[in-house]
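Good morning, and thank you for coming.

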Amino acid sequence: MDDFYKNIKPSSQFQSIFEETTVAKVPDDWFVLITDIVGSTKAIEEGRYKDVNTAGGLTAIAVANVYGHMDFPFVFGGDGVTFLLPINLLFPIRSAIADTILQVKSAFGLTMRAGIVPVQELYRAGTELFLSKFKASDHYVQCSLFGTALPLAEQWIKEGKDESYLVRENEKILPADFTGFTCRWKDVPSERGEIVSLIVKPNHSDLDVCKKIVIRVLNFIKSEYGEEKEYHPLSLGQIKLGSGGELRKEAIARTGNHSGFKFALTLIKIWIERTVMALAIKWKLPLKSGHYSLDRLKEYQVMSADFRKYDGTLKMVIDGTKKHRLALETFLQKLEGEGLLHYGLFVSNRSLMTCVLKVASSDEVHFVDGADGGFAMAAKSLKEKLKGN
């Protein structure tokens, strides 16, 4: 069962994951599932960054609907998601991902690659895999992943080390359930001028050393950018409901179609819900939907925003000025020169949200990325540096 993860006590602050928390070793009968979009950089350069992010959001809700809740280990990376799976859910999740591959191709013309690697095999190869939890809000508990196993799992999947690791479209048994996927918000402009999508990779295999490197980066960000609420990429005044393209994208994602009766019906339903949301927000109407007070919808987006995470690399979306960013780059270049880390960074003037809500529960997460490519473009910059080593 998945009691291993449920029984881990979450930290109350993100930075305390690296300062105080004792990580738990992932059981060797679990599995690593990694999804990503093949050719995501090209798609982003064509202006399709929202399609790429949407694909990641669909995998997250498809897996959540197999679990029946969202208290399971996963990390969103922009163009894909990394999951840890207990053996009892391996086959239904494999089927859901197979159908998600089909739906992403049908709806957006994107090729999703997915692979599932046994943790036992990664341990046999001499790697380690640990995790911890952070309570981001009453509605979202975030997983953090540590160790050397994930890069090897990703390498095996991309290189096709074992054909049985790859998830194929024809493995679909039952349709994936995307109920709870929403995409109703416009891109969120920066309040201070720049949205930075940052990826920092500590250059050390020792877990404690990696934690100390991350703490140094987090402390610098705090000293330069201010408290978390000051560099949070979502601000209540900048969050606006979408009115066209965003709603169509949700309808496409949920139906797999661009037209037809099912698509039209879904789009009408989304429009009605969006109108009720807008009225509740504007007029402070005390309407309820599940655990939501609709007049406080924007607050929920901020409190359960997934804008900083760790999966062997520190990933953050930060709102700041150009001066802040230049100081951050100078600091990171110094640590890079000392051989402590490598980093990738991408700058935009706005961020975007992809929302996943577990229907009939209070579970939710709002994935945040920088617009125009965000994490995917930062990852491209990081990979180019790593190739040069």
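Predicted model: local features only at pLDDT ≥ 70, side-chain atom pairs only at ≥ 80, totals over all residues.

The next cysteine to consider is Cys 355. Which cysteine sulfur is closest to the sulfur of Cys 355? It is the one in Cys 183, at 7.3 Å, and this too is too far for a bond. A disulfide requires the two sulfur atoms to lie within 2.5 Å. Cys 355 is also buried, and its relative accessible area is 0%. How many disulfides does a search of the whole structure find? The search finds zero. For those new to the term, a disulfide is a covalent bond between the sulfur atoms of two cysteines.

I turn now to a pair of helices. In general, two packed helices are described by the angle between their axes and the distance between the axes. Here the pair is helix 4, residues 49-67, and helix 10, residues 245-255. Their axes come within 11 Å and cross at roughly 45 degrees. Helix 4 and helix 10 are therefore oblique to each other, and their crossing is right-handed.

Which residues meet at this crossing? From helix 4 there are Lys 50, Asp 51, Thr 54 and Leu 58, and they meet Glu 246, Lys 249 and Ala 253 of helix 10.

My last topic is the backbone. Most residues other than glycine have a negative phi. Lys 284 is not a glycine, yet it has a positive phi of about 55 degrees. Where is Lys 284 placed? It lies in the loop that runs between helix 11, residues 261-283, and strand 11, residues 288-289. Is Lys 284 buried or exposed? With a relative accessibility of 57%, Lys 284 counts as exposed.

Asp 372 likewise is not a glycine and has a positive phi, of about 65 degrees. Asp 372 is found in the loop between strand 18, residues 364-370, and helix 14, residues 374-387. Its relative accessible area is 32%, so Asp 372 is partly exposed.

Thank you for your attention.

How values were computed. Residues numbered from 1 in each chain as written. Heavy atoms only, no water. Buried < 20%, exposed > 50% of the residue type's maximum accessible area, 1.4 Å probe, protein only. Axes fitted to C-alpha atoms, helices over the stretch in contact; angles between N-to-C directions. Helix = DSSP H or I, 4+ residues; strand = E, 2+ residues; numbered from the N terminus. Parallel < 35°, antiparallel > 145°, perpendicular 65-115°, else oblique. Left-handed = near helix turned anticlockwise from the far one by under 90°. Contact = heavy atoms within 4.5 Å.
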